[in-house]
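Please look at the sequence and the model before starting.

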Amino acid sequence: MTYTPKSEFLNVMIERGFMADCTDLQGLDEALMAGVVPAYIGYDATARSLHVGHLLNIMMLRWLQRTGHKPITLMGGGTTKVGDPSFRSDERPLLSPGQIDENIDGMQRVFARYLDYGQGSADALMLNNAEWLDNLNYLEFLRDIGRHFSVNRMLSFESVKSRLDREQSLSFLEFNYMILQAYDFLELNRRYGCRLQMGGSDQWGNIVNGIDLTRRVIDHEVFGLTSPLLTTSDGRKMGKSAGGAVWLNSDMLSPYEFWQFWRNTTDADTGRFLKLYTELPVEECDRLGALDGSEINAAKIILAGEVTTLLHGAEAAQAAEATAREVFEKGGVGDDLPTLELTADEIADGISVVQLFVRAGLVKSGKEAKRLIAENGARLDDAPLGDAGLMVDAARLAEPIKLSAGKKRHALVKIAG
């Protein structure tokens with residue numbers, strides 16, 4: 001018989017589509033019903049900002065706190081020095097300690113938008129695994145922790161097996177990652193009473209390792225819960241756009257561009273994304289997701305507004321929507337559009353429109369810009385752009401100009417100062 005959870009948190013996870021697997025659904029449910037459960041998700045500091053691919057798990061931590069439990073955001077100051085090999089085809093580039101600290105500073109800004117940190121029983125904790133990993137004694141660690149790991153079993157995990165099956169090198173450094181992540185769970189349980197690790201389904205093997213290690217070393221019962229690895233209805237990995245990663249820090253992606261990413265959601269994904277990325281009631285998400293024709297666009301605007309409000313605040317979301325209306329409905333120039341500022345020196349001899357498209361971030365290369373123009377996908381001040389050889393001079397930039405790539409991506413170009 002399928003077990004039906006009683007705890008509010010697990011019901012939210014199942015109803016809204018967050019759950020892929022759980023190591024012991026009934027045991028976790030009983031723990032959640034018995035009192036406050038501290039739970040963690042780990043984030044390696046591989047970039048200065050988190051991206052949309054992290055947002056699903058941040059929402060899981062937010063729901064955990066909203067249902068009375070304690071989220072722990074674990075920054076991988078230690079594990080980033082090794083690099084998670086899970087489902088990668090090559091080794092991650094190694095970062096210096098200074099780069100890692102800088103990345104952590106940038107990543108931490110996002111969490112405060114979603115979680116309440118403090119000293120209360122359900123207040124979130126921000127931790128860094130460098131606290132216990134940086135000063136490990138290698139021989140003691142091998143003797144006390146390494147002896148609990150079977151290499152045969154580690155080789156059977158899908159994240160490792162897929163790499164070896166493709167005959168791609170897996171360094172001993174990377175192979176240690178899963179031991180360190182398992183050790184994180186043990187230390188979090190020992191130091192902070194953490195009972196649950198959550199993560200994407202690609203982390204299942206690492207999570208199970210941590211549960212086994214905690215049971216073997218200190219005989220404590222802990223749990224694992226994974227979320228599905230999301231792809232969009234057209235098969236793309238969630239969080240990728242034509243312009244690259246969809247960053248969560250506003251200095252790396254403007255609130256308008258973030259809003260626009262969600263506004264461009266496909267019809268088929270709208271209802272599912274409303275349930276995962278907003279806090280609207282499930283019934284309302286289903287109602288909005290079932291709309292069709294032009295009505296589904298209203299649902300996408302609600303999705304974009306709700307998600308942007310959570311991350312950047314209501315004012316930024318309203319400004320983004322106003323800019324979109326100005327650009328799309330009235331053919332105007334919105335104040336909030338991404339802007340490329342050029343110096344007078346840069347345009348002294350004119351600058352090619354192809355270069356403007358590249359520098360404004362609307363395309364990745366001159367070749368892509370020329371193809372866009374040839375296929376009639378480029379516009380200059382809302383007029384079709386048919387000449388890839390066009391030069392733009394200071395006189396043309398006396399007023400800002402608007403570049404458009406397709407119907408949905410726009411940028412302004414103006415002279416600085």
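This is a predicted model: local features need pLDDT of at least 70, side-chain atom pairs count only at pLDDT 80 or more; totals for chains, interfaces and linings use all residues.

Q: How much of the chain counts as buried?

A: Of the 417 residues, 49% count as buried. The accessible surface comes to about 19400 Å², and carbon and sulfur atoms hold 49% of that surface.

Q: Which residues of helix α2 are buried, and what do they pack against?

A: Helix α2 covers residues 25-34, and its buried residues are Gly-27, Leu-28, Asp-29, Ala-31 and Leu-32. These buried residues pack against α1 (8-16), β1 (21-22), β5 (196-200) and β6 (223-227).

Q: How should I read a salt bridge, and how many are there?

A: Side chains of opposite charge can pair when their charged atoms come close. In this structure the count comes to 16 salt bridges. One of them joins Asp-251 and Arg-48, at 3.6 Å from N to O. Asp-251 lies in the loop between β8 (244-245) and α12 (255-263), and Arg-48 in the loop between β2 (38-44) and α3 (52-66), so this pair ties together parts that are 203 residues apart in sequence. Asp-251 is partly exposed, with a relative accessible area of 47%. Arg-48 is also partly exposed, at 35%.

Q: Where do Glu-187 and Arg-191 lie, and how many residues apart are they?

A: An α-helix has 3.6 residues a turn, so residues three or four places apart point the same way. Glu-187 and Arg-191 both lie in helix α10 (residues 177-192), four residues apart, which is about one turn of the helix. Their side chains meet in a salt bridge at 2.6 Å, N to O. Glu-187 is buried, with a relative accessible area of 5%, whereas Arg-191 is partly exposed at 39%.

Q: What does Arg-272 form a salt bridge with?

A: The partner of Arg-272 is Asp-269, and the closest N and O atoms are 2.8 Å apart. The two are three residues apart in helix α13 (residues 267-277), a separation of about one helical turn. Arg-272 counts as partly exposed at 31% relative accessibility, while Asp-269 counts as buried at 3%. Elsewhere, salt bridges that share partners join Glu-131, Glu-187, Arg-190 and Arg-191 into one network.

Q: Where is Lys-70 found, and what does its side chain reach?

A: Lys-70 is found in strand β3 (residues 70-76). Lys-70 is buried yet has no salt bridge. Its nearest side chain of opposite charge, Asp-123, is 6.4 Å away, and a salt bridge requires the side-chain nitrogen and a carboxyl oxygen to be within 4 Å. The side chain of Lys-70 does reach the backbone oxygen of Asp-123, at 2.7 Å. Leaving aside neighbours within four places in sequence, the contacts of Lys-70 include Val-36, Pro-38, Leu-64, Gly-120 and Leu-125.

Q: How far apart are Ala-360 and Val-413 in sequence and in space?

A: They are 53 residues apart in sequence and 7.6 Å apart in space, C-alpha to C-alpha. Ala-360 is in the loop between α17 (353-359) and α18 (366-374). Not counting residues up to four places away in sequence, Ala-360 touches Leu-340, Leu-403 and Ala-411.

Q: What is phi in Asp-219 and Asn-376, and where are these residues placed?

A: Most residues other than glycine have a negative phi, and most peptide bonds are trans. Asp-219 has a positive phi, near 55°. Its place is in the loop between α11 (204-218) and β6, and Asp-219 counts as exposed at 62% relative accessibility. Asn-376 also has a positive phi, of about 60°, although it is not a glycine. Asn-376 is found in the loop between α18 and β11 (378-380), and is exposed with a relative accessible area of 66%.

Methods:
Residues are numbered from 1 along each chain as its sequence is written. Side-chain values use heavy atoms; hydrogens and water are left out. Buried means under 20% relative accessible area, exposed over 50%, partly exposed in between (1.4 Å probe, protein chains only). Lys and Arg count as positive and Asp and Glu as negative; His and the chain ends are not counted. A polar contact is a pair of N or O atoms within 3.5 Å; within protein, one must be able to donate a hydrogen and the other to accept it, and residues adjacent in sequence count only if both atoms are side-chain atoms. Contact means heavy atoms within 4.5 Å. Accessible areas come from the Shrake-Rupley method with a 1.4 Å probe; for residues, only the protein chains shown count as cover.
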